Amino acid sequence: MMKIDEILSTLTLEEKVSLLFGKGMWDIAGVRDIPEVTMVDGPHGVRKPLDMDKTGVFEGNNPATAFPILGALASTWNVDLAYEVGEALADECHYYDVHVLLAPGVNIKRTPLGGRNFEYFSEDPILTGEIASAYISGLQENGVGTSLKHYAANNSEFERMTISSEVDERTLREIYLRAFEIAIKKANPWLVMTSYNKINGYRSEENPFLMKEMLRNEWSYDGVTVSDWGAVTDRAKALETSLDIEMPGPSLSKQKQLVQQIRNHEIDEALVDASVKRILEFVQKASEGKKKAKDRCDFEQNHLVAKQVAVEGTVLLKNDRNVLPIKKEKTKSLLVIGRHAIDPRISGKGGSAMVTPYKLDIPLDKMKEIAGNDITIHYVDGYDDFNSEQNEMKQQEAIALAKQVDNVIVFAGIPEELEEAEGFDKEVTDLPQSQINLILSVVKEQPNTTVVLSNGSPVTMNEWVDEVPALVEGWFAGQAAGSAIADILFGFANPSGKLSETFPERISHNPAHLTYPGENGKVHYHEGVFVGYRYYDKKEIQPLFPFGHGLSYTEFTYDSIHVNKEAIQDDETVEVTVTVRNSGAMAGMEVIQLYVHDQESSVIRPLKELKKFKKVHLNPGEAKQITFTLSKQDFAFYDVLSQGWQVETGSFDLFIGRSVADIRLTKTIHITATEEKKPVFTRKSLTKEWLADKNGKKIITDFFDQLSDELNMEDEYTLSFLKECPISAVISLFGQKWMETNDAEAKVDQLIAQVNQLNEETSKGGC
């Protein structure tokens with residue numbers, strides 16, 4: 001066990017400063033007897049370079065289990081499975097002598113064009129935070145650290161190292177910081193990694209609001225903060241906001257400069273000591289974690305975990321006429337089309353998420369294994385995305401064969417050349433036209449056509465989706481995708497995935513579309529809290545496939561909903577119990593989703609907000625009761641005026657659904673706020689705000705009676721005329737005579753002081 005205070009007291013200034021920088025590309029520490037700590041990229045596998053002096057972002061990595069992308073993991077809606085992924089990753093980290101996996105990324109998917117969307121979980125902060133917490137716990141409870149990233153509002157790759165995300169505080173807290181908060185409070189990651197971008201003009205690692213006010217003070221995070229690789233521009237400023245480690249290292253010139261600044265008393269050495277102490281505590285945890293390493297790494301078992309994620313993350317989007325599953329007893333021949341069936345894309349291209357797979361299941365091979373001698377399976381490419389002459393020939397071959405078989409499976413998706421990768425944003429969301437033409441041509445000849453998608457984020461499908469009876473979202477599903485999709489197509493596995501993000505009809509429907517990707521070094525988040533399904537709900541825009549959507553080969557019925565209390569105070573909890581039944585003929589898994597709606601609010605709120613979810617397995621005819629517990633945070637919004645989370649007295653709807661658009665049960669409860677929000681009045685406060693407050697109404701009514709006999713506060717039209725005006729404007733319009741002997745500004749200030757004092761006394765129990 002390291003004696004941290006003793007070690008800290010013996011280190012020279014130069015040695016302490018050296019600990020604030022990486023030792024190399026992937027290592028830190030290693031000063032005196034302090035052990036080195038090795039960190040490598042995730043999140044979809046252990047990406048340890050063969051040469052640890054290189055990045056390995058393009059090639060040259062050790063083989064490891066390539067898990068499905070985080071978007072697919074989120075589409076399982078299964079926190080227990082996310083924990084298993086963490087366990088498997090820890091197993092392989094130990095095998096490769098890695099102490100920390102630089103994952104997961106919990107940035108919100110603001111638009112389908114985000115180049116790194118496949119590395120993130122969801123458009124929703126609750127789903128993101130819960131799945132991420134389980135993933136982190138699976139790693140850290142097995143002795144391997146995690147690095148929660150990218151903190152914060154890092155939602156695109158456009159000008160990613162310089163752009164400023166301009167986000168209001170309520171939106172930051174409710175949407176973009178919420179998943180970080182959940183993961184930190186529930187799972188306590190060993191590291192938090194800052195982002196490349198600025199937030200409201202401050203570089204993330206120099207942002208006092210993010211680093212000090214939120215992370216250290218409000219969330220009480222006492223772990224280590226680390227920069228993204230190559231992100232830091234001013235090490236002294238970053239140190240002042242508590243950035244502990246700059247990566248990569250060693251950055252010797254920066255070290256010398258920082259030492260000189262400390263000796264010149266430009267920087268308080270106490271800041272260095274605080275960071276070094278956190279780093280030493282982290283090194284100690286990493287060293288202790290190695291004791292949990294197993295004798296051997298079970299890559300085959302980890303492959304099965306990857307397959308289970310691929311199975312549960314696959315989303316059955318359409319299944320008209322029950323085209324799926326393929327019935328062996330009724331199928332003699334099958335045509336498989338598309339190179340994704342023989343050369344699957346298992347992840348996005350390059351960057352942090354590029355994993356060299358330990359093994360690789362090929363979809364076509366796995367389908368043939370299941371079919372055996374019972375079904376003849378033909379394969380053709382069917383399309384060529386970049387050679388029109390070859391494309392025409394391949395398409396004709398596919399059309400001719402489609403007429404002769406019982407079923408067609410088209411493997412379609414985003415080709416590698418169109419970039420879903422770190423460093424690039426996407427330019428399109430449509431499939432290549434070659435694939436669209438192929439799908440439309442084939443389905444005309446063979447109505448039993450299924451399209452299997454391979455992609456990292458939503459694709460738009462207006463041109464062809466209505467023509468295709470069966471549609472499967474397979475994602476970039478890792479090295480076991482082939483066996484997973486084969487099991488689902490033939491009914492050996494029942495699809496249970498639910499979309500972790502909305503699929504819009506067209507990209508122009510996306511709420512960020514008008515301001516994306518930004519200009520003049522800024523991107524404005526004008527949509528506020530209306531990200532993803534929150535926007536489509538509010539705008540009454542029907543998306544192609546809604547958030548939370550996913551079909552099954554069986555049927556589920558929602559029998560009842562009960563609450564243990566019809567009315568509560570906001571400091572109490574309420575239990576919501578739902579009964580769900582498998583009314584079909586096949587065992588399956590269902591995700592029960594609970595959304596909350598505030599019927600009346602002083603601020604604009606979404607119509608539905610996901611608050612709880614649970615995945616359950618049900619045999620045919622089986623019913624289960626699921627109970628959710630809701631507390632104050634589940635009903636609150638962030639009030640920027642009072643600088644706190646606020647619940648307002650009123651009625652709240654509790655929606656239970658199969659998706660955000662498929663609500664099966666509803667219950668309404670009444671909540672009484674224990675601390676009613678008291679407005680703080682200023683010169684900008686409008687007449688309607690004064691009238692909405694008990695004390696304010698009396699004060700302003702009495703004053704207006706004195707100001708002018710034109711102001712009849714009982715008259716509806718007079719009230720409508722005045723309500724959008726501040727008091728100063730009312731005086732200007734109706735108080736000309738009054739102002740001959742009175743000071744208008746002084747009077748306004750007097751009224752403001754009077755109402756604020758009365759409200760303060762009332763809130764403390766005064767009269």
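Me: What does the side-chain oxygen of Asp-268 reach at the start of helix 11?
Reply: The backbone nitrogen of Ala-270, to within 2.9 Å. Helices here are DSSP runs of H or I, at least four residues, numbered from the N terminus. This is a predicted model, where local features need pLDDT of at least 70, side-chain atom pairs count only at pLDDT 80 or more, and totals for chains, interfaces and linings use all residues. Residues are numbered from 1 along each chain as its sequence is written, and side-chain values use heavy atoms, leaving out hydrogens and water.
Me: How far does helix 11 reach, first C-alpha to last?
Reply: 30 Å for its 21 residues, 269–289, close to the expected 30 Å. The expected span is 1.5 Å times one less than the number of residues.
Me: And which of its residues are buried?
Reply: Among them are Val-272, Val-276, Ile-279, Leu-280, Phe-282 and Val-283, but Arg-278 and Gln-284 are buried too. Buried means under 20% relative accessible area (1.4 Å probe, protein chains only), exposed over 50%, partly exposed in between.
Me: On to helix 12. How far apart are its end C-alpha atoms?
Reply: 21 Å, which agrees with the span its 15 residues (299–313) should have.
Me: Which residues are buried there?
Reply: Phe-299, Asn-302, His-303 and Glu-312 are, along with others including Val-305, Val-309 and Gly-313.
Me: New topic: where does Thr-701 lie?
Reply: In helix 19, residues 694–707.
Me: Buried or exposed?
Reply: Thr-701 counts as buried because its relative accessible area is 19%.
Me: What does Thr-701 touch, not counting residues up to four places away in sequence?
Reply: Leu-691 and Met-713, with contact meaning heavy atoms within 4.5 Å.

Terms used:
Helix = DSSP H or I, 4+ residues; strand = E, 2+ residues; numbered from the N terminus. Polar contact = N/O pair within 3.5 Å; in protein donor to acceptor, adjacent residues only side chain to side chain.
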